[in-house]
Structure formats: C-alpha cells, structure tokens
Amino acid sequence: MGKSLYIAEKPSVAQEFAKALKLNSKKHDGYLESEDAVVTWCYGHLVTMSYPEAYDAKLKRWDLSTLPFIPDQFKYEVIPSAEKQFKVVSKLLNRSDVETIYVCTDSGREGEYIYRLVEQMSGVTGKNRRRVWIDSQTEEEILKGIQNAKDLSEYDNLSASAYLRAKEDYLMGINFSRLLTLRYGNQISNCMGTDRTVISVGRVMTCVLGMVVRREREIRDFVVTPFYRILADISCENQQIEAEWKVVKGSKYEGNPCLYKENGFKEKDMALRAVDELSEPAPVQAELVKVERKKEKKNPPLLFNLAELQNECSRRFKLSPDETLKVVQELYEKKLVTYPRTDARVLSTAVAKEITKNISGLRAIPGVRGFAEHILESKAYAGLSKSRYVNDSQITDHYAIIPTGQGIGALNSLSATKVKIYEVIVRRFLSIFYPPAVYQKTAMEFAIRQEHFFANLRVLEEPGYMIVTGEYNPNRQAKKQSEGQEDTDGPNPDEIGTDKSGADRDSAEKEVNDKELLAAVGRLKKGMILPVSGFNVKDGETSPPKRYNSGSIILAMENAGQLIEDEELRAQIKGSGIGTSATRAEILKKLIQNGYLQLNQKTQIITPALLGEMIFDVVNSSIRHLLNPELTASWEKGLTYVANGEITEADYMVKLRDFILRRTGHVMNLNNAGYVREFYRSLEPYYQSAGKAGAQKKSDKERKR
C-alpha cells in the first residue's frame, strides 16, 4: 500500500498535522516520515511568476517600444531563497511510493495557488490528490478535514481565479508601472530633486492611494460653516429638560433664507433676535403638544471577520492591520481561534450545531467563565441556528473568526496585547448568546408661542449583551452622568459637512441616567404646561470628513471605497470589496513602504505623502480607471465569478487583455507630461518641508555636476 503525503503551508502547521495523525515519524531535512505517511511543508510561496527578461533578455530594459507586454504563455520559476525546500517537496511529490497527496495549505485562494504552482513546476502526474479544507487547527478539525477531503479537481475553479489574480496584478504592475515611469518619472524627479522616480502601480494599491488622496483634498477644500442653535431650558418638577428649536409648518421663520437647515441660523444676531422675541413678555411657558415613549432594542453585533477585527484593533490598541493580522494568525496557529483570513461575519449551520464545544472550553478563562457557564446552563445557544448569526449563504471559504475553546494554555506564553485581542474575539463571540440591550426612548415636542422645541431622552434599561462586551459599566455610566457627559452616537465620519454639535442627529437627544429626571419625564402628559426658565444660543460649525485611520481604510476597502458603519448596509454589498481579507493589510503596508502614504504610529491616522499625491495626479490624468473603487471592486468580483464557475478563465483574460491594450494605447498618445510641474506647484504649499528637502537635493546634485 502506498504512502500518503501531507503538504502544509508552514513548518508549524505541518507539525500540527503530524501530531493530529499521531505519526511515529522520523525527522528528515524538510519533512517528517513514518511507516505510512510523509508530512512536508512550503515556506509560503516557493514559486513565482518570471520577470519579462525571462521571456527575452531585451525586456529587462524599460522601453516604451516593448509595451504592452502580454505573453501568450506565462513563465514561472522557483524563488531562489526557497530552492532547497522546493527540491525536497518536488522530490516527495514524485516519489513512486507516494500514492495520495493531501493538500493542506491554507484553505483559501492564496493557499490553493501556493500548492498548484509547486505541483505545476514539479510535473506531478498519476497521483490521487485530495484537498483538506479546515477552519481551525484543532486536532478534531484537522482529522475531520482529512476524512472529508475532496478530490483536488473540485477546486479547479478556485485555482483558476488564483492564477488570474496573479496574472492580473502582474500584467497591470509590469505594464502600467513601466509605462507611467517612462512617461512621467523624470518630470517627478526634476520637481522633487531626486535621482530617479519609479511609479509603482497596482490594481488595488493605486485605488487605495486614490481613496486617501481624495479624502485629504476634501479636507483641504472644506469650508467651515458656522451656525447657531436655540435651546430652551424647560422646568419639570425641579428638573431641567433641554429642548432644541426647529422650524415646523407655521413657524415665523419658515422659508427664511437666514436659516441653517431647519434647526439653526447662519448669523448669530438673527438667533439672538429670535431669543429676544421668544423671551418677551415674561413669564414664558411651554405646552407639551406631543410625547411618545417606546422601547428600542440594540442587538449584539455580528461576529468578527478580519476587516472588522483590524478596525477594532486599530481603534482600541492603535495596531496597524498588518500587526493585527500577524497576531490573529498566531492565535490561529496556537489553536485559539478559527481561520483569520475570512470575509464572513456569520457561522455555518454545521458549526452552530456543535457550538457548545467552543463555549465549554471558555470556562477555563477566569474573566469570561461566568458568561460561558450562564450560556451553557440556560441553554442560550439553543436558537442559534435560526438567528442572524448563522447564514450559510453569506459564507464563501470560511465562517467568522471565533474562539475554538481549545489551546487555552497557550495564553500564558502570549504578550498582554495578544491576550487582549483574543479577549476581544471571545467577548464578541459570547455576546451573541445574550439578549439585546434595551433602551427606553422618550420624544417630546413643546410649543412656545408659535415656535416648536424638541427633546429626546434615552435611557438604558437593560444592558443585555453589553455586559459581556464591556460596553456597559455601571460605575462608568454614573461617572459620565455626574460629569454631565452625553453618550450619544457620534456623527458619520464619512459625511462631508458634519455638524460637530450633533445638529444632524435627533434633536437634543441625550442618554441619561438621572433617576429623578427620568421619573419626572415619565409623568408628563400631552397638554401639560411647563415653565421655561430661559433660552440660550449654542454655537456650532460644520466639520470636514475625518481622515482614514489604518482600521477605517480596511473597512472602506472591504466596502468598495465606502466607509459604511451600518453593518446591515455592509452586508448588502458583501463581495464587492477592493482586494481580499488576505491582501488588504499587505497592500497598505506596501503603500507606506513606497513612501506614497504616511502612517502615524501613535494615532494610526493615514495621510498621503507628497510623492503619493504626485502619483495620484499622474494616474488621474492618464489611467483614471485605476483610481475607481467600483471598477477595482468589479475586477475582484469577476475573480469570484471564476471561482464559482459563473464565467470562464478565458472570458476573464479577454477582458483583462483588452483593458491593458486600450489603456496603454491611450497613454502612449497623450501629450500631458508638462502638467507634472503644475501638479507639483499646486501641492508644494502643503509640503513645505518636503519641498525644501527636495530643492536641497536638487541643488546638491547640480553642484556635483
């Protein structure tokens, strides 16, 4: 009987497979072998696409006459630093006693590509090939994955999409980077005083650069608009209700051009004049013309996918997406969490049926033991399969990131930050088994003379899941109340012209915890007359959109360039993102390393560099399509269609070739290189220090001549 060969993506993963299989193996250089099995590994990619000079030595030199470069057959080569391990794996693949090959690389498009390239370069034939697809590295999951392994041919469409993704990035990178560098590189160097400028272009990378530059320019171009709101202090049983004036039908100011929206004035004098008119004659009284009370439920959020976790860690711990990915990958390899490179935020029906295993293991963690025990004792998991947290149709390769309930002992060897990230994942997971938070909302409308004022109060009646996530803390809530702080949701950071004071939200909505005020408001009835103790004018101003941080840019990439905070809306455009969960952090890292973007390590705020803005302008004036998030997302969706068998690899290549041919031809016929100097002049005032440094370099270069 022939042997089985197991090929993992990393040595550490190979060790876990050997342990799970309980092999009595002997260690060799690059693999482990027992009587009936061999386990080996890659070191990530062992094979890569060849550079153009492998096709023709003349193509090593960058020259417009050689563009576009689109080979009929693509060439591949072993990565020099990985040659030793490639030879080991290749030899094992072709060994006569190896009958079955189990492909155990990461369960995703990139993992598939890693193995297929090795198999292709090794010329493997006549073997039984099985694909192991797992969601965690626990022993149970590994053994189940091996037992349920499918014939590798069932993943041919996924393999095709992986090859296409690489070809697309290769062709766009090679052609457009050379094309734009040859056309505009010298002009950029002359402006910035550098020896040489290479314009690095990528299908996803350039689009992300465009998102950041556009946001920065929106901020620069933003004009602050001041406005003035009128607030009334209405007495209620020795308590004060703050109500905000708003124009309604019949108001004296209806249609007045001096209004800012419907709840403020553009000029302070106008607001003060309105206050004077409302204040006389005294005393002033308010009639409660409308009062509505209702309960509002807030469900636990969906589970983490990689983008959501990266955003959360950027916000909480000021970690870059790349750092977060490294941590969660380590947690995965230590069996603590499920597969991290996932876009899904829900679980599969199959996993939901066995979820008690995940919950039970968490009883070993002191900080969350009580939550896990409560869930198990109350059987709060019973209805999980019918909840919004389980949806097979929203899962492609993997379900959401959740704790496995195993490997708890490894926590002792992790740094404090890694433990905190694990705890965030655990608490989010446990929270879905708790009830929603319940708020009591009271909306009031008062008539003061012919004008109307509105107040909305909200109180948290039942914290529900917020106890698990840590969002609810009685002591913190009390402190906020004693300090007079409001706990309202902030404005949408993606909206241009956001009102800093919250004028775009429900009028004067406050979250309160004052029992006496709540009791007084609870006794109010329509038609009651209440005294007004005074009016005041509150200054406000519009604010520009916020800069992206390292977390929000990842979310924006996931949502095709839109920073969508509402998770229901995000779910609607799932699958239309820029890049993939596995590549977004690396793309952002490359933009920073290339000097196109700048990352503030303390705040994680992302801003463009002068070079990045120059390249944006060059691309915008030549191949504008590369800056279009919707178009870039459509390429990614096309790859998904290939993976799903909805379109063929040949169909995709026809469109890709056509795009490169047309865009290259367009740039060849442009005569706009002279615009680069104008781009630089318009940007220089925003980068004075960079401009001076560039001028100094240019001066030094000229002196040397």
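**Figure 1. The largest nonpolar core, 99 residues in this predicted model.** The residues with the most contacts inside this core are L93, F176, Y184, I188, I553 and M614. Helix 5, spanning residues 156-192, hands over the largest share, with 16 residues. As before, everything here comes from a predicted model, with no experiment behind the coordinates.

**Figure 2. Zooming in on Y184 and the residues around it.** Y184 is one of the residues with the most contacts inside the 99-residue core. What does Y184 touch once its neighbours within four places in sequence are left aside? The list runs I199, V618, S622, V667, L670, N672, A673 and V676.

**Figure 3. The whole protein, for orientation between the close-ups.** There are 24 helices and 19 strands to keep track of. Of the 705 residues, 53% are buried. Take the contacts with a separation of 6 or more: 78% of them are between residues 24 or more positions apart.

**Figure 4. Helix 6 crossing helix 19.** Two packed helices are described by the angle between their axes and the distance between the axes. Here the axes of helix 6 (residues 205-221) and helix 19 (residues 584-593) come within 10 Å and cross at roughly 70°. Anything from 65 to 115 degrees counts as roughly perpendicular, so helix 6 and helix 19 are roughly perpendicular to each other. Which residues meet at this crossing? From helix 6 come M205, V208 and L209, and from helix 19 come I587, K590 and L591. Sorted by type, the contact has 5 nonpolar residues, no polar ones and 1 charged.

**Figure 5. Q239 and its partner E516.** Q239 sits in strand 11, which covers residues 239-246. Is Q239 buried or exposed? Its relative accessible area is 14%, and buried means under 20%, so Q239 counts as buried. The side chains of Q239 and E516 are joined by a polar contact of 3.2 Å. Not counting residues up to four places away in sequence, Q239 touches I234, D514, E516, L517 and A520.

**Figure 6. R341 in a loop between two helices.** The loop in question runs between helix 9 (321-333) and helix 10 (349-353). With a relative accessible area of 23%, R341 is partly exposed. Which side chain does R341 reach with a polar contact of 2.5 Å? That would be the side chain of Q329. Q329 also shows up in the contact list of R341, along with D106, L306, L325, S581 and A582, leaving aside neighbours within four places in sequence. R341 and I401 are 60 residues apart in sequence, while their C-alpha atoms are 8.5 Å apart in space.

**Figure 7. Two cis peptide bonds, L67 to P68 and E280 to P281.** Most residues other than glycine have a negative phi, and most peptide bonds are trans. The bond from L67 to P68 is cis, with omega near 0°. P68 is found in the loop between strand 5 (47-49) and strand 6 (76-78). The bond joining E280 and P281 is cis too, with omega at about -5°. P281 lies in the loop between helix 7 (268-279) and strand 12 (285-298).

**Figure 8. Positive phi at K261 and K379.** K261 is not a glycine, yet its phi is positive, at about 55°. K261 is placed in the loop between strand 11 and helix 7, and at 42% relative accessibility it counts as partly exposed. K379, also a residue other than glycine, has a positive phi near 55°. Where is K379? Look in the loop between helix 12 (369-378) and helix 13 (416-431). Is K379 buried or exposed? Its relative accessibility is 55%, and exposed means over 50%, so K379 counts as exposed. K379 and F433 are 54 residues apart in sequence and 9.1 Å apart in space, C-alpha to C-alpha.

Terms used. Residues numbered from 1 in each chain as written. Predicted model: local features only at pLDDT ≥ 70, side-chain atom pairs only at ≥ 80, totals over all residues. Heavy atoms only, no water. Helix = DSSP H or I, 4+ residues; strand = E, 2+ residues; numbered from the N terminus. Buried < 20%, exposed > 50% of the residue type's maximum accessible area, 1.4 Å probe, protein only. Polar contact = N/O pair within 3.5 Å; in protein donor to acceptor, adjacent residues only side chain to side chain. Contact = heavy atoms within 4.5 Å. Axes fitted to C-alpha atoms, helices over the stretch in contact; angles between N-to-C directions. Parallel < 35°, antiparallel > 145°, perpendicular 65-115°, else oblique. Nonpolar A, V, L, I, M, F, W, Y, C, P; charged D, E, K, R; others polar. Core = buried A, V, L, I, M, F, W, Y, C linked by side-chain atoms within 4.5 Å.
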